[in-house]
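Here's a quick briefing for anyone meeting this structure for the first time. Have a look at it, then read on.

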Number of protein chains: 2
Amino acid sequence: MSVKSHTNWTAEPSKLLRVGKGFTLADVDPDTKPGYDAGKQHGAVDLTEGALSLDDLQERLYAESRADATNAAVLLVLQAMDSAGKGGIIRHVVGSVDPQGVALTAFKKPTDEERAHDFLWRVEQRVPAPGFIGVFDRSHYEDVLIGKVRSLAPEDEIERRYGAIVDFEKRLTDGGTRVVKVMLHISRDEQRARLAERLDRADKHWKYNPGDVDERELWPAYMDAYQTVFDRTSTANAPWHVVPANSKWYARLAVQALLLHALEDIDPQWPAATFDVKAEKKRLAAS
Amino acid sequence: MSVKSHTNWTAEPSKLLRVGKGFTLADVDPDTKPGYDAGKQHGAVDLTEGALSLDDLQERLYAESRADATNAAVLLVLQAMDSAGKGGIIRHVVGSVDPQGVALTAFKKPTDEERAHDFLWRVEQRVPAPGFIGVFDRSHYEDVLIGKVRSLAPEDEIERRYGAIVDFEKRLTDGGTRVVKVMLHISRDEQRARLAERLDRADKHWKYNPGDVDERELWPAYMDAYQTVFDRTSTANAPWHVVPANSKWYARLAVQALLLHALEDIDPQWPAATFDVKAEKKRLAAS
């Protein structure tokens, strides 16, 4: 079963959006909707149906893991410029899965304790256990994005981190975790419009931070840092995907499709009973 | 605003289901639906509307907490016999809230490390931060339920724990956390039927554990242990609620109402901007 077979996708998003050899971020138009020709209304229907599949697949995966029948897990890594829609992905895509099967971590500015350790220390502690969909809202990639743009570490340390990340993710995928890395890609103009909306609405003020404009001024440097991330860390076992995200509904549908693809690839099955079903029925009836 | 005012509730469930002085668990009929005269279809409508309110209130609470304008949080403690519906509450009630605002912990049999510490050690680490709805799927109460029934600790240690729990929860509520304690109450016959269903369906076998029947044989001892829990730990600041749960839809609606009540009591407000909105609009436009 592929995502394509039962939706309005005209091509498999996991292939279409994947960062392969020769990928150039500057060539991606954030306004496009690769692989999806249908409109927003069809998108809403596909998202609702996809939510049911995602929830079902995750429950199967969880069931398998409880029976010690699989080591598989999924880790969704979300990176983006401010206001690109990470929160909406978590609310509308991840939020459709039973919370008992989701392990969400929002990585903030590192604490003093975290800074005293290697940059992967806090990340290793939050990788999903078998059966779970782990979600990283920001991640170890911050350490080579803002870390690089703001020179928060010496150049050779930044350089070292790309390799450390590749090794870390290799260990994860070797252990059975599907690592789904997503950059939500909005345009600079779209960001201005979204930040402006936060300033216009009193119930959105709390989401606005004057520092957002400071980061925004560094847009080209961030895009360069993302390009380097893609060049150095989009591996066969843990590739990056760049999702055009000016259209929120497309971005949500695309990330859902990437998660569905990962789970369909695992193809989790209800585990067989580890006890004598007939005997247990008798015991239960007598109790 | 009370839950009662905008739904089919005929009385406030937070009062009706509360464990007060002289409460006797044996007097609660798990088949009843206190305070709710309308049927299942109305219940579904109320649950959907309640979900929107719950999500909205939690987002406001989160916003307030980000602005350092509140210490408030909510902690839902779920206890029940096997198959009473904790999972369904988490999926259908908690699952309607943005996952970014929920901190869920499923407490399992303690590990060796956890056993080497005081029973509250692992619990203290999981209390919700301001702005969050924390959910304990099982909790410190296991240490005076299975702990007592199975004599997993000496009698005087069990005895000590009731006081320790009361002190712990007092600290929580003094710090601004609303502690909503819920026992989902099913009948012994209903449990047999639910476990039988797990045995009947291959896709439910993974949820069945032969040990469930062993615990079931100790039903009266568990009911006694719950009664003692209520007598000793249902305090004015952190009262227990016993929710009749033979009807799943009623139980979900009731727990949702208890959460809504806690959040309405906090009455979170969108925080005022901590920056000059006009100046920021200018800066943004120029960026």
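How many residues does the contact take from chain A and from chain B? It takes 43 from chain A and 42 from chain B, where contact means heavy atoms within 4.5 Å. Keep in mind that this is a predicted model, in which local features need pLDDT of at least 70 and side-chain atom pairs count only at pLDDT 80 or more, while totals for chains, interfaces and linings use all residues. Residues are numbered from 1 along each chain as its sequence is written, chains are lettered from A and ligands numbered from 1 in the order in which they are written, and side-chain values use heavy atoms, with hydrogens and water left out.

**Where the chains meet**

- About 4,000 Å² is buried between chain A and chain B, with carbon and sulfur atoms giving 60% of that; buried area is the accessible area (1.4 Å probe) that two parts lose on being put together, summed over both.
- A:Arg91, A:Trp206 and A:Leu284 supply 18% of the area that chain A buries against chain B, more than any other three residues.
- There are 18 residue pairs in polar contact between the two chains, both residues being at pLDDT 80 or more. A polar contact is a pair of N or O atoms within 3.5 Å; within protein, one must be able to donate a hydrogen and the other to accept it, and residues adjacent in sequence count only if both atoms are side-chain atoms.
- On the side of chain A that touches chain B, you'll find 20 nonpolar, five polar and 18 charged residues. Here Ala, Val, Leu, Ile, Met, Phe, Trp, Tyr, Cys and Pro count as nonpolar, Asp, Glu, Lys and Arg as charged, and the others, Gly among them, as polar.

**Salt bridges**

- The structure holds 50 salt bridges over all chains, each a side-chain nitrogen of Lys or Arg within 4 Å of a carboxyl oxygen of Asp or Glu.
- Across the interface of chain A and chain B, the count is 10.
- A:Arg91 pairs with B:Asp98 in a salt bridge, their closest N and O atoms lying 3.2 Å apart.
- B:Glu59 and A:Arg91 also form a salt bridge (3.6 Å, N to O). B:Glu59 sits in helix H2 of chain B and A:Arg91 in helix H3 of chain A, so this pair joins two chains. Helices are DSSP runs (H or I, at least four residues), numbered from the N terminus.

**The second largest pocket**

- Its volume is about 670 Å³, meaning the space filled by probe spheres set on grid points that are joined across faces, edges and corners.
- A pocket, on a 1 Å grid over the protein atoms alone, is an open set of points with protein on both sides within 12 Å along at least five of seven lines, and lining residues have an atom within 4 Å of a point.
- Of the 24 lining residues, A:Gly95, A:Ser96, B:Gly95, B:Ser96 and B:Val97 are the closest to the pocket's centre.
- The lining has 10 nonpolar, eight polar and six charged residues.

Notes. On a 1 Å grid over the protein atoms alone, a cavity is a set of points where a 1.4 Å probe fits but cannot get out, and a pocket is an open set with protein on both sides within 12 Å along at least five of seven lines; lining residues have an atom within 4 Å of a point.
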